[in-house]
Amino acid sequence: MATELLTHAKTGVIQMGWPKLYEAVAFKGNKDDDKSAKKDDKKKNESTPAYGFPVLLDKDDPDHMRTVRILQKLSKNAEANAIALKKWGKKDRIVSNDGLKDADEDEILDGDKTVLMTDKYPNRANHFYVNFSRSSKAGRPGIRYIDDEGILRELPEPILGTKEDIQAAQANLNDARAAYATADEDAREEAKTLVLEATRNLEEAQERDAKAKEVKVLWDKLVYPGQNVQASVTARAWKTQTGSGVSYRLDNLTIVGGGVRDGSFEYDEDFTDEDIEALIAWRDKHVNAKPSKADDEAALLADTDFDEADSDDEVDEDTGEIAVKPRRKAAVSRRRPKPVEVEDDDVDEDEEEAPRHRPKKTSSRGRRKPAPVEVEDDDVDDEDYPDMF
């Protein structure tokens, strides 16, 4: 039997893409496979959490191209091993899907169309693209980092689920307190013990959560897209009902440090000494300035909306208070009708009965008594004009 060819090696220094290392996430399967795979196979493929990160390798960077040649060699060895072990036929190598993509030449699916990778992702032009991943079933890859003093340290394991632990501990404590409050004299001592135990459990959960936050801070400081890393990977040949290919399993990772976060800019590039001086001047003028009483009065006048109705208000010159005169409510849709003047010399002012209709008088002027004015009740509010009704 032929000796198995080497499929495991270290990359050069590369820049990590968006990492999925703190917690495993479910990666979607290859779209070519998904298109023809059975529904159960899709679900199984998409529901398997994994660790990993993508990498772009610049064709103009000699160090990156060294890594490309390493991956290409590992891929060929993995294919040869698969054929030697009869896991592949010779045709599988011809139609195999390599995990290392030349973005300028290799095609991918974009919906129902097949396009060049650079057509869908222009930022990948003049690059090779590869994704390093590792199933959560195999465990998190080994991760260490070089600190500022040049000492290699192990990145601590993330502490997950602390929020849920605190919620559960708090609920248990609430139940224990409720049981203690309703316990009779015989059961009170035992109930008190349960309260004390639940209190300790909550305190332990809170301490664990505080530790988890410290670990997360360190991870956020070291693990980010654009960080300089060196990875060890293993090329693995695979075959399914829909095709064959080679993928790269992430085994271990060393964080070199000194990377620039993807999409970020250095502070000194954005803010110069002149910018800081201008900001200090603005702060002294707007924030530290103490407004005088005259400024407050001017601001009050500028922000006050006067109208004609306010012109009769009286202002106390000593206190500045405004005495607002009472105003009538806004006019209703129909104006109050003017009272009709009727000359009636025969009506006794002290008479309490309703006035009787007077007979018509003949006048040389042809004067007539004005017709009564009709008022629509729905349009008038009796509270506005109490003397009308």
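**Entry: ground rules.** I am working with a predicted model, where local features need pLDDT of at least 70, side-chain atom pairs count only at pLDDT 80 or more, and totals for chains, interfaces and linings use all residues. Residues are numbered from 1 along each chain as its sequence is written, and side-chain values use heavy atoms, with hydrogens and water left out.

**Entry: the negative patch.** I looked up which residues form a negative surface patch. I found Asp268, Asp270, Asp273, Glu274, Asp275 and Glu277. Patch residues have over 30% relative accessible area and no salt bridge, and like charges are joined within 9 Å.

Next I checked the helices (DSSP runs of H or I, at least four residues, numbered from the N terminus). Both α8 (267-270) and α9 (273-286) supply at least two patch residues. The largest share, 4 residues, comes from α9. I placed Asp268 in α8. Asp268 counts as exposed because its relative accessibility is 66%. The cut-offs I used are under 20% for buried, over 50% for exposed, and partly exposed in between (1.4 Å probe, protein chains only).

**Entry: positive phi.** I then turned to Lys86, which is not a glycine, yet its phi is positive, near 60 degrees. I found Lys86 in the loop between α3 (62-84) and α4 (90-94). Lys86 is exposed, at 75% relative accessibility.

Asn126 is not a glycine either, and I noted a positive phi of about 65 degrees. Asn126 lies in the loop between α5 (117-120) and β9 (127-135); strands are DSSP runs of E, at least two residues. At 30% relative accessibility, I logged Asn126 as partly exposed.

Terms used
Patches are made of residues with over 30% relative accessible area and no salt bridge: like charges are joined within 9 Å, nonpolar side chains (Val, Leu, Ile, Met, Phe, Trp, Tyr) within 5 Å. Accessible areas come from the Shrake-Rupley method with a 1.4 Å probe; for residues, only the protein chains shown count as cover. A salt bridge is a side-chain nitrogen of Lys or Arg within 4 Å of a carboxyl oxygen of Asp or Glu. Lys and Arg count as positive and Asp and Glu as negative; His and the chain ends are not counted. The place of a charge is taken as NZ of Lys, CZ of Arg, CG of Asp or CD of Glu.
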